[in-house]
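Dear colleague,

I am passing a structure on to you, and below it you will find my notes on what came out of it. Please read them alongside the sequence and the model.

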Amino acid sequence: MAGTHAILSPSAAYRWLVCTPSARFEEQIPEDESVYAAEGTLAHELAALLLSARAGLFKGPQKTFNAMLGKITASELYSPEMLEHCEAYVGFVLEKGGDVLIEHSYDLTKYIPLGYGTADATSLTPKVIHVTDFKYGAGVRVAATANKQMMCYGLGAYEAAVKKGLKPETVSLSIFQPRAGGPSSWDISVTDLLKWAEEEVSPKAKLAIAGMGDFIPGKHCQFCKARTSCKAYYDRFADVKTIKDKRVMTDADLVTVLTYGPLVASWVKKVEEDAVKRLEGNKPLEGFKLVAGRGKRSFKSEDDVVDILLGEGFENDIFDSSIKPLTAIEKMVGPKRFKELFADQVINVPGKPQIAPIDDDRPAIGASAADEYDDLI
Ligand code: SF4
């Protein structure tokens, strides 16, 4: 989903439904748009444009469509890979049939104060409402099952469908994430969705809009903007702080380090980044100052350096060359052509064994897989 967010946004519902004060707490912290977010925004624009044309909903002459498409494809963030993924998304949405609504903003105020949410695509059929969210991220795969953001969109779509005189029985929620494993879908009956809205969403949303309730840390803190100001999050590391005055680490201590270590590391990095921003904004922090990071030597003009080396008789060995990484080549030629060209060239090299919590959904590997990895490197 692209665009502005409600205070209690569906995309953060997984967080404010657990830690109700988080939404108001986060409000004070400005948003930084990363290049990945900008790429996602462009992909959403393209996906919506293509879907509107294929669904016969584009309002305007062909030249307007061409101009809009041209503007998107002229962006430096555009790639043939993006076009293919957007076309696949369009096909996925149209397969559902029914009337299509694109980037429709749903009123959620019946359950969430000041609540609204914009669903990328909704397909209304007599008995089933299909809501599809296009996610362009390649990092973290997001599953549709019991996904709170999707359930909020489903609620909005249901209420809108009822206003149109429809009587849907099921809401089918899909996340189309082409760069992280493809689509994921989950169905919920209207009865269960409304029960969830009344028993969980409404009471929690009332607390959340008022900034009330307990700060409850957990996995949902990972993308909370308030993470570096939140004392409850810091207190979550209490178990780590108890490892002291011992000569030997126990298994329980190791479990504590493995459980909290990655969280502490990413949190400290974020605290440092925020402290740098604070000092750059001339807000002092006692005991700390900004210094220049470690620099590196660099040539002012590579062309001049080449001329000098050639003048010195170094004709060979001036340049290094290597092929671009696999993902960059896939992006360059597009995933479909990539498969055609390199079906026999791509091999899967297993990743280095890494430790994961027991509830991680990847299967456990045995000693033989670890040996295989050692043989390969
Ligand atoms: S960091 Fe976690 S506990 Fe703190 S406000 Fe955010 S979601 Fe709540």
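Domain bounds here come from an automatic or database domain assignment. For this protein the assignment gives domain 1 (10-209) and domain 2 (302-342), with residues numbered from 1 along each chain as its sequence is written. The model is predicted, so that local features need pLDDT of at least 70 and side-chain atom pairs count only at pLDDT 80 or more, while totals for chains, interfaces and linings use all residues, and side-chain values use heavy atoms, with hydrogens and water left out.

The centres of the two domains, taken over C-alpha atoms, are 40 Å apart. Six residues of domain 1 and seven residues of domain 2 take part in the contact, where contact means heavy atoms within 4.5 Å. Between them the domains bury about 510 Å², 56% of it on carbon and sulfur atoms; buried area is the accessible area (1.4 Å probe) that two parts lose on being put together, summed over both. Of the area that domain 1 buries against domain 2, 73% is supplied by P80, E81 and E84, more than by any other three residues.

One salt bridge is found across this interface, a salt bridge being a side-chain nitrogen of Lys or Arg within 4 Å of a carboxyl oxygen of Asp or Glu. E39 forms a salt bridge with K331, with 3.1 Å between the closest N and O atoms.

Best regards
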